[in-house]
Amino acid sequence: MEETTLNNTILAKLSEKFGEKVTAVAEPYGLLTFATTKDVIINVLSFLKNDLKFNFLTDITAVHYPGKDHGIAVVYHLHNMVEKVRIRVKVFISEQNPTIPTATTVWKGANWMERETYDLFGVKFEGHPDLRRILNMDDLGVHPMLKQYPLEDPNRVDKKDEFFGR
Amino acid sequence: MNHNHPVFTDNDPQSELVTLNLGPTHPATHGVFQNVLQLDGERIVSGVSTIGYIHRAFEKIAEHRPFYQITPLTDRLNYCSSPINNMGWHMTVEKLLNIQMPKRVDYLRVIVMELSRIADHIICNTIIGQDTGATTTFLYLFQFREHIYEIFEEVCGARLTTNIGRIGGFERDFNDIAFAKINKFLKEFPAALKEFENLLTRNRIFIDRTAGVAEVTKETALEYSWTGPLLRATGVDYDVRVSDPYSSYQDFDFEVPVGTSGDIYDRYLVRNEEMWQSVRIIEQALEKLKSEEKGIFHADVPEFYLPPKQEVYNNMEALIYHFKIVMGEIDAPKAEVYHAVEGGNGELGFYLINDGGRTPYRLHFRRPSFINYQMFAPMSEGMLLSDAIINMSSMNIIAGELDA
């Protein structure tokens, strides 16, 4: 219960500062989650870091939702180590033009996390000092975590969800 | 800068830089790491890390596997402490499914996780000794990793890539031999660890090689998202077991050791103290187990817990649940969940998005080795090559976790 109150305080401060830019607020398993847009993401992250004491960048990753207007979600997990509270920030960007400002200006540790996200999802972090592939070879040509790239033979049908009653 | 390091002046005749390709399979780096270094004599001017040599696309594979088949993938992240990864994954799914574990399962898990933490720290600290020239310490303490693996063998049948436990508990109870081996380990290990410390902690050569080398301030460590013993060595008392307790760690009385300067010597001391604390935790867990009802080794959640084989073949309900779980027919909530455990190297996080299909929609591993290692090249600048080697050992970078 205490966590919920703390989350409400955080959310109130965020909404006061960024107004309607804070959307899709949810609290799955007690972890405050909200979405914002890429034009204010660096301001949001700096505000969270400097004013709300989310001093620690836990992780940056992305999720691909093919077929949607803004099909790639860049997900930031932040952590306030003093008050022991975590927060999740999402930014939905378009698949055709997946660009977002880099968070390396806020945390230096974002460097490799963003390189990994670029490598696997093709998200271009604008202003990143060294945006190269990190896990895959340089001439791979595709960003393999996107859903259109199958893991196995695409003609194989025995593992399709429809055969499992879904 | 240490005063007994040589200083290169501007008019040095050997001013030309040498490019050294350290790795990917260099015997001094204990794993597949490539660093292209620019050397001025023995001093590193700049370095570029190349990783991904054993990238196996676990996140992609995980999108095509039911939950119970992902456990073996987690084994192969930090393969020096596989059980922690396994437990972390089980707990992530249990959090998603809102399953509450019986206390006895929690305590059994704590025993397994702390044993693997000891195994992980044994590797790192003995390797630091080895790389500074003290092979004896390596041989003395390393046999206890073998004893820990024998305990794992008794509990789950495997040693290195353990695949230990199930979603919902363990696949079988610890047998008497396992408890006997744990007790024997607890009796013998403290003496060996003490001997190990006697050999290294106040050893002049060891201190000269490690103290003041690769110092990191807590601000830099937090800026680079360091976690685990590396972060604690800089003086930040962040431990997931305390800040975000899982598996009933709040029931245990233990201390989180912190260092001051973040140098290699402090990392060594922090890991040693953590081994002592792990021994304490295991002793407490064994004590707590005495008051728990015997024979409970999984939660009562038949729709999610893979039943034992003899029941599958003799019991209708077990057969049905077995079929549904193997076919990925479990009803998991459509939700996203982040769960973190304190791995051997730091915060090991699982970010799971479930859309109701038979496999995760997306699974991301927050791998401490990957995030810690990005500072290796920048912090090597200005360091001697031999210092950079022990710096890498003390960061305990595990290639499997680095590359996923």
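This is a predicted model: local features need pLDDT of at least 70, side-chain atom pairs count only at pLDDT 80 or more; totals for chains, interfaces and linings use all residues.
**Entry on chain A.** I listed three helices and seven strands in chain A. Read from the N terminus, the elements follow the order α-β-β-α-β-β-β-β-α-β. I then took the box along the principal axes, and the C-alpha atoms of chain A fill roughly 50 × 45 × 25 Å. Of its 166 residues, 36% count as buried.

**Entry on helix α5 of chain B.** I checked the span of α5(B), residues 135–156. At 1.5 Å a residue, its 22 residues should span 32 Å, and the end C-alpha atoms are 32 Å apart, so the two values agree. I found Leu141(B), Phe144(B), Ile148(B) and Phe152(B) among the buried residues of α5(B). The cover over the buried residues of α5(B) includes α3, α4 and α6 of chain B. Just after α5(B), I noted a positive phi of about 95 degrees at Gly157(B).

**Entry on α4 and α11 of chain B.** Two packed helices are described by the angle between their axes and the distance between the axes. I found that the axes of α4(B) and α11(B) come within 9 Å and cross at roughly 155 degrees. Angles over 145 degrees count as roughly antiparallel, and therefore α4(B) is roughly antiparallel to α11(B). The crossing of α4(B) and α11(B) is left-handed. Residues of α4(B) in this contact include Tyr107(B), Ile111(B) and Ile118(B), while those of α11(B) include Tyr268(B), Met275(B) and Ile282(B). I recorded the residues of the contact of α4(B) with α11(B) as 14 nonpolar, four polar and six charged.

Conventions. Residues are numbered from 1 along each chain as its sequence is written. Chains are lettered from A and ligands numbered from 1 in the order in which they are written. Helices (H or I, at least four residues) and strands (E, at least two) are DSSP runs, numbered from the N terminus. The expected span of a helix is 1.5 Å times one less than its number of residues. A residue is buried if 20 or more other C-beta atoms lie within 10 Å of its own, exposed if 12 or fewer, and partly exposed in between; C-beta atoms are placed from the backbone. Two residues are in contact if their C-beta atoms, placed from the backbone, lie within 7 Å. Axes are lines fitted to C-alpha atoms, for helices over the stretch in contact, and angles run from 0 to 180 degrees between N-to-C directions. Angles under 35 degrees count as roughly parallel, over 145 as roughly antiparallel, 65 to 115 as roughly perpendicular and the rest as oblique. A crossing is left-handed if the near helix is turned anticlockwise from the far one by less than a right angle, and right-handed if clockwise. Ala, Val, Leu, Ile, Met, Phe, Trp, Tyr, Cys and Pro count as nonpolar, Asp, Glu, Lys and Arg as charged, and the others, Gly among them, as polar.
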